[in-house]
Every structure is written in C-alpha cells, then in structure tokens.
Amino acid sequence: VNPLFRVLCYQHIFDNDSGTTTWDILASSKIPCHVMVADEKYTVCDEDTIQYMVKRMERCKVLRYPNGYHSIHNSKRDEFMKDLRGIISTC
C-alpha cells in the first residue's frame with residue numbers, strides 16, 4: 001500500500017469516531033451485520049474492538065476463519081464463499 005494512502009486512511013477513516021457512529025446507525029436498523037475475521041495470528045482486527053462492536057449491535061454476527069490470513073477471501077476462499085452466499089441468500 002502506498003505510504004501516503006495509508007497516512008490518509010488513518011487520518012480520515014481510522015482516527016475518528018465514524019465507525020461507532022456507523023455502528024449506532026446499523027444497530028437502530030433491522031440490517032444484520034456480519035464481521036468476517038481472519039485467524040487471530042493474522043487478523044488486523046483488534047479483539048476488544050470486535051467485542052465492542054458486538055455489544056453495540058445486537059444483530060452482529062462474527063464469522064471466524066481459523067488459519068485464514070488478512071485476505072480471507074483468498075486464504076479461506078471456500079469457507080468465505082459459503083458464508084457470503086449464506087449472507088446474500090438471507091437478504
């Protein structure tokens with residue numbers, strides 16, 4: 001990733017409270033939430049943040065991919081696609 005792009009992402013996306021604002025909007029809707037998380041050794045997701053998200057959004061379901069790397073759609077493709085098809089089929 002381009003280093004300047006990374007800095008901009010942190011300044012405008014990660015280093016603010018827009019995530020929690022979005023979680024509140026989702027929590028007040030009937031839209032289900034699915035968080036797809038790679039193996040704890042490889043994920044970029046902080047476990048405390050995942051649990052905080054689950055507490056804020058009652059319909060939040062965490063899907064975990066043991067031995068999956070950050071790009072779970074590549075490293076655990078079959079499991080990811082099965083879950084994604086299941087999510088889409090309920091929409």
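Buried residues account for 20% of the 91 residues in the protein chain. The model is predicted.

## Fold and confidence

The protein chain holds five helices and two strands. Read from the N terminus, the order of elements is α-α-β-α-β-α-α. Along the principal axes, the C-alpha atoms of the protein chain fill a box of roughly 35 × 35 × 20 Å.

The average pLDDT of the protein chain is 86. A score of at least 70 is reached by 90% of the residues. Which elements mark the lowest and the highest mean pLDDT? Helix 1, residues 3-14, has the lowest mean at 73. Helix 5 has the highest, at 95.

Leu4 sits in helix 1. Leu4 counts as exposed because its relative accessibility is 64%, over the 50% cut-off. From Leu4 to Val37 is 33 residues along the chain, and their C-alpha atoms are separated by 26 Å.

## Aromatic pairs

How many aromatic pairs does a search of the whole structure find? The search finds two. Trp23 and Tyr52 form an edge-to-face pair, with 5.8 Å centre to centre and 70° between the planes. Trp23 belongs to helix 2 (residues 18-27) and Tyr52 to helix 3 (residues 47-56), so the pair ties together parts that are 29 residues apart in sequence.

The two partners can also be read by burial. Trp23 is buried, at 13% relative accessibility. Tyr52 is partly exposed, at 40%.

Ala38 is part of strand 1, residues 33-38. Is Ala38 buried or exposed? Ala38 is buried, because its relative accessible area is 7%, under the 20% cut-off. Leaving out residues up to four places away in sequence, Ala38 touches Thr43, Tyr65, Gly68, Tyr69, His70 and Ile72. Ala38 and Asn67 are 29 residues apart in sequence, yet their C-alpha atoms are 7.3 Å apart.

Asn67 lies in the loop between strand 2 and helix 4. Its relative accessible area is 49%, so Asn67 is partly exposed. The backbone of Asn67 stands out: phi is near 65°, a positive value in a residue other than glycine. Most residues other than glycine have a negative phi.

Tyr69 has its place in the loop between strand 2 (60-65) and helix 4 (72-75). Tyr69 is partly exposed, at 44% relative accessibility. Its contacts, not counting residues up to four places away in sequence, are Ala38, Tyr42 and Ser75. Tyr69 and Arg59 are ten residues apart in sequence, and 25 Å separates their C-alpha atoms.

## Lys76

Where does Lys76 lie? Lys76 is in the loop between helix 4 and helix 5 (77-89). Lys76 counts as buried, because 19% relative accessibility falls under the 20% cut-off. Beyond its neighbours within four places in sequence, Lys76 is in contact with Tyr65, Pro66, Asn67 and Gly68. Asn67, one of these partners, is the residue with the positive phi.

## Accessibility at a glance

| Residue | Relative accessibility | Class |
|---|---|---|
| Ala38 | 7% | buried |
| Trp23 | 13% | buried |
| Lys76 | 19% | buried |
| Tyr52 | 40% | partly exposed |
| Tyr69 | 44% | partly exposed |
| Asn67 | 49% | partly exposed |
| Leu4 | 64% | exposed |

Terms used:
Residues numbered from 1 in each chain as written. Predicted model: local features only at pLDDT ≥ 70, side-chain atom pairs only at ≥ 80, totals over all residues. Heavy atoms only, no water. Helix = DSSP H or I, 4+ residues; strand = E, 2+ residues; numbered from the N terminus. Buried < 20%, exposed > 50% of the residue type's maximum accessible area, 1.4 Å probe, protein only. Contact = heavy atoms within 4.5 Å. Phe/Tyr/Trp six-rings, centres within 6.5 Å; stacked < 30°, edge-to-face > 60°. pLDDT = per-residue confidence, 0-100.
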